[in-house]
Structures are given as C-alpha cells and as structure tokens.
Amino acid sequence: MAQSETAQSYWNAYRDHDFLVLYVISEDDAGNDPTVEAIADHAAEHGLTYPVLADQGWQVQGRFNQDTSMPSLTLFAPGPEVIAVDDPELGYEDIEALLGI
C-alpha cells in the first residue's frame, strides 16, 4: 500500500481519537518548493482527506524527518506527541496501543 493510502486508512480509523496524520511534501518532482495549489491537486487526485502540508523551505520536515525522505508521513497522538515518522513497521495495533484504545 502506498504511503498516502496507508495514511488515509489510519486517518479514517483514528481521527475521532485525537489522532493526526500530517503528510509533508517539501519539494515537487523538479526539486522546487511545492505550491498550495499543487498540494491541493495532489490530495484531490489521490482522495486524501487528512492534512497535506506544502512545506516550503523544509521548515516542518526538518523538525521531524531526520533522513529527509520525501514525501514524509508524521503521525501525532494527543498532546501532540509525535508517535512515528516514516515508520513502515507501524501498524494498527501499535497505533491503538499508543492511543490507549
């Protein structure tokens, strides 16, 4: 499952539990800062209903994503507490344990 589809499934399952998915895109395919319009088009094209951030200048991604992979998927639990950054091993049981559900 693609990262954005995985994120969408997490969002659908846990958004009512103060769980936040933040999909951060710091540059487009040409290496330029993404525009808000391009990000909105990307979200609409892929049916994403969770927040997608156009991170111009890597201001957000640099805080959470230490390996600078793109796009980056950061998951937040209440607090907010960062519970995962680009973790392919993370699954539903892990999220539920962190959320206490």
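## Report on the predicted protein model

The protein contains four helices and four strands. The structure is a predicted model. Read from the N terminus, its elements follow the order α-β-α-β-α-β-β-α. The protein has a radius of gyration of 13 Å, close to the 13 Å given by the globule rule for 101 residues, so it is as compact as a globular protein of that length.

### Overall dimensions and surface

The table lists values for the whole protein.

| Property | Value |
|---|---|
| Span of the C-alpha trace along the principal axes | about 40 × 25 × 25 Å |
| Accessible surface | about 6000 Å² |
| Share of the accessible surface from carbon and sulfur atoms | 48% |
| Share of the 101 residues that count as buried | 37% |

Contacts also describe the fold. Among contacts with a separation of 6 or more, 55% come from residues 24 or more positions apart.

### The packing of H1 and H4

Two packed helices are described by the angle between their axes and by the distance between those axes. How do helix H1 and helix H4 pack, and at what angle? Helix H1 covers residues 3-14 and helix H4 covers residues 92-99; their axes lie 12 Å apart and form an angle of about 40°. This angle makes H1 oblique to H4. The crossing in which H1 passes H4 is right-handed.

Which residues meet where these helices pack? On the H1 side they are Ser-9, Tyr-10, Ala-13 and Tyr-14, and on the H4 side they are Tyr-92, Ile-95, Glu-96 and Leu-99.

Methods: Residues numbered from 1 in each chain as written. Predicted model: local features only at pLDDT ≥ 70, side-chain atom pairs only at ≥ 80, totals over all residues. Heavy atoms only, no water. Helix = DSSP H or I, 4+ residues; strand = E, 2+ residues; numbered from the N terminus. Rg over C-alpha atoms; globule rule 2.2 N^0.38 Å. Buried < 20%, exposed > 50% of the residue type's maximum accessible area, 1.4 Å probe, protein only. Contact = heavy atoms within 4.5 Å. Areas by Shrake-Rupley, 256 points an atom, 1.4 Å probe, with all protein chains shown as cover. Axes fitted to C-alpha atoms, helices over the stretch in contact; angles between N-to-C directions. Parallel < 35°, antiparallel > 145°, perpendicular 65-115°, else oblique. Left-handed = near helix turned anticlockwise from the far one by under 90°.
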